[in-house]
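Work through the exercises below with the sequence and the model at hand. Each task is followed by a solution in steps.

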Amino acid sequence: MANGRGMGRQTGGRMGGKGLGPSGECVCPGCGYRMPHARGSPCYSQKCPKCGANMTR
Ligand SMILES: [Zn+2]
């Protein structure tokens, strides 16, 4: 149609929101402790403050 430019990727997709996504938490496999992690930092680079195990999810 005439309005071909309106279909761009300007809409941010799913970037909106307040951080309540499913990927916002890491879980300790050892003791089950959960903690939020900053996005950009993978869980396995964090350590559990309780038992010192590497976090996972
Ligand atoms: Zn732990």
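**Exercise 1.** Does Glu25 count as buried, partly exposed or exposed, and at what relative accessibility?

Solution. The model is a predicted one. Glu25 has 35% relative accessibility. Buried means under 20% and exposed over 50%, so Glu25 counts as partly exposed. Next, look at its partner: the side chain of Glu25 meets that of Arg34 in a salt bridge, at 3.2 Å from N to O. Arg34, at 52% relative accessibility, counts as exposed. The structure holds one salt bridge.

**Exercise 2.** Find the protein donors of the zinc ion and describe the geometry of the site.

Solution. Start with the donor atoms: the SG atoms of Cys28, Cys31, Cys48 and Cys51 lie 2.3 Å from the zinc ion. Then take the angles among these four donor atoms, which run from 100 to 125°. The site is tetrahedral. Along the chain, the donors follow the spacing C-x2-C-x16-C-x2-C. Cys28 sits in the loop between strand S1 (25-27) and strand S2 (34-36), while Cys51 is in the segment after S2, so this pair ties together parts 23 residues apart in sequence. Cys28 is buried at 3% relative accessibility, whereas Cys51 is partly exposed at 44%.

**Exercise 3.** Which residues make up the largest nonpolar core?

Solution. The core has six residues: Cys26, Cys28, Met35, Cys43, Cys48 and Met55. Among them, Cys28 and Cys48 are also donors of the zinc ion. Now list the contacts of Cys48, leaving out residues up to four places away in sequence: Cys28, Cys31, Tyr33, Ala53 and Met55.

Definitions and conventions: Residues numbered from 1 in each chain as written. Predicted model: local features only at pLDDT ≥ 70, side-chain atom pairs only at ≥ 80, totals over all residues. Heavy atoms only, no water. Donors = N, O, S within 2.8 Å, 3.2 Å for Na, K, Ca; no water. Tetrahedral: all angles 85-135°; square planar, octahedral: opposite > 155°, others 65-115°. Helix = DSSP H or I, 4+ residues; strand = E, 2+ residues; numbered from the N terminus. Buried < 20%, exposed > 50% of the residue type's maximum accessible area, 1.4 Å probe, protein only. Core = buried A, V, L, I, M, F, W, Y, C linked by side-chain atoms within 4.5 Å. Contact = heavy atoms within 4.5 Å. Salt bridge = Lys/Arg side-chain N within 4 Å of Asp/Glu carboxyl O.
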